[in-house]
Amino acid sequence: MKWVVANWKMNLTMGECEVLASASSHLAEDLPGLSVVVAAPFLYLTGLHEKLKFRPKNLYLASQTVSSYQKGAYTGDVAAFQLKGIVSHAIIGHSERRKYHQETGTIANQIIQALEYGITPIVCFGELKRTQNIAPLLADLRADLHGLSAEQIAKCLFAYEPVWAISSHKNAEPATPNYITNVVSRVTEWFSETYHCQPPILYGGSVTEDNCVELARIKQISGALVGGASLHIKSFTTICRSFAGQA
Ligand code: PGA
């Protein structure tokens, strides 16, 4: 089963989210072999949860982050216990959360909070600059996951998002299939050796309707995390169809 995650970031009004969510719901219904996740701003999640009451089983709602704290005096945070029953997934460690909100030393605790309340983490990782040497990337991932058990890791989805490839990055361009294959194969090996499991790893970074067919052919990835191109139902449909093997 492959995954396509729409990360709407901070781009849409409630009305626009509702329109896209309904269209995504129809799309998921047409593509039962694909899991489709929509990640909306906190503010809209309850409304969308209500609106999507009769959604197909393969359409999931996600938050774009989650607090690393359980409960209490954390102004502006939203805790996993508050999201429970509303979202099934939470993006954790997105590079924009790391850059603008210093969410880096918090990843393991965010994962623990999400899992404790039955929310599946979609854990993002990726290097800042293009490189042949993936040792620093693995060191960062090891630091992010420090203290977590193999059982906890096995419950997560991961998203490899090279920061230089994300469309909001200056001069961004998607990583090539070879580059992605090389990194994801080595990260998968590392998961096997370290945790004896192979959690699904998605790719994110300038996935568009133009490159999705070749990206969907990469056997090592289990889907895509899509930002900009998820804001338009036409491009999002093309991407979902490619990952569902129906391009
Ligand atoms: P992009 O964003 O598809 O616009 O590059 C991906 C992401 O930030 O998750």
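# Loops, strands and a ligand shell

N171 is exposed because its relative accessible area is 67%. Exposed means over 50% relative accessible area, buried means under 20%, and partly exposed lies in between, with a 1.4 Å probe and protein chains only. The model is predicted: local features need pLDDT of at least 70, side-chain atom pairs count only at pLDDT 80 or more, and totals for chains, interfaces and linings use all residues. Residues are numbered from 1 along each chain as its sequence is written, and side-chain values use heavy atoms, with hydrogens and water left out.

## Two loop residues with positive phi

N171 sits in the loop between β6 and α8. Helices (H or I, at least four residues) and strands (E, at least two) are DSSP runs, numbered from the N terminus. The phi of N171 is near 55 degrees, a positive value in a residue other than glycine. Most residues other than glycine have a negative phi.

H196 also has a phi near 55 degrees, positive in a residue other than glycine. H196 belongs to the loop between α8 and β7. With 69% relative accessibility, H196 counts as exposed.

Helix α8 itself holds T188. That residue is buried, as its relative accessible area is 18%. T188 and P200 are 12 residues apart along the chain, and their C-alpha atoms are separated by 8.7 Å.

## Strand β7 and its neighbours

Strand β7 covers residues 201–204; I201 and Y203 point one way, L202 and G204 the other way, and all are buried. β7 pairs with strand β6 (residues 157–160) in the parallel sense, over three bridges. Two strands pair if DSSP finds at least two bridges between them. L202 in β7 has A159 opposite. From β6 the chain crosses through helix α8 (residues 177–195) to β7, a right-handed β-α-β crossover. Right-handed means that, with the strands pointing away from the viewer, the path from the first strand over the helix to the second runs clockwise.

β7 also runs parallel to strand β8 (residues 223–226), joined by two bridges. Here Y203 stands opposite A224 in β8.

## Strand β3

Four of the five residues of β3 are buried, so the strand is largely enclosed by the rest of the structure. Strand β2 (residues 34–39) runs parallel to β3, with four bridges joining them. V37 faces Y60 in β3. The chain goes from β2 through helix α2 (residues 42–51) to β3, and this β-α-β crossover is right-handed too.

β3 also runs parallel to strand β4 (residues 89–92), with two bridges. The bridge partner of A62 in β4 is H89.

S63 is part of β3, which spans residues 59–63. S63 counts as buried because its relative accessibility is 0%. A polar atom of its side chain lies 2.9 Å from the backbone oxygen of T65. A polar contact is a pair of N or O atoms within 3.5 Å; within protein, one must be able to donate a hydrogen and the other to accept it, and residues adjacent in sequence count only if both atoms are side-chain atoms.

T106 is a further loop residue, between α4 (95–101) and α5 (107–116). Its relative accessibility is 21%, so T106 counts as partly exposed. The C-alpha atoms of T106 and Y69 are 9.2 Å from each other, with the two residues 37 apart along the chain.

## The ligand

Which residues surround the ligand? They are N7, K9, H94, E161, I166, S167, G205, S206, L225, V226, G227 and G228. A residue is near a molecule if one of its heavy atoms lies within 4 Å of it. By class, this shell has three nonpolar, seven polar and two charged residues. Ala, Val, Leu, Ile, Met, Phe, Trp, Tyr, Cys and Pro count as nonpolar, Asp, Glu, Lys and Arg as charged, and the others, Gly among them, as polar.

| Protein atom | Ligand atom | Distance |
|---|---|---|
| H94, polar side-chain atom | oxygen | 2.7 Å |
| S206, polar backbone atom | oxygen | 2.8 Å |
| G228, polar backbone atom | oxygen | 2.8 Å |

On its own the ligand has 280 Å² of accessible area, and the protein covers 98% of it. Accessible areas come from the Shrake-Rupley method with a 1.4 Å probe; for residues, only the protein chains shown count as cover.
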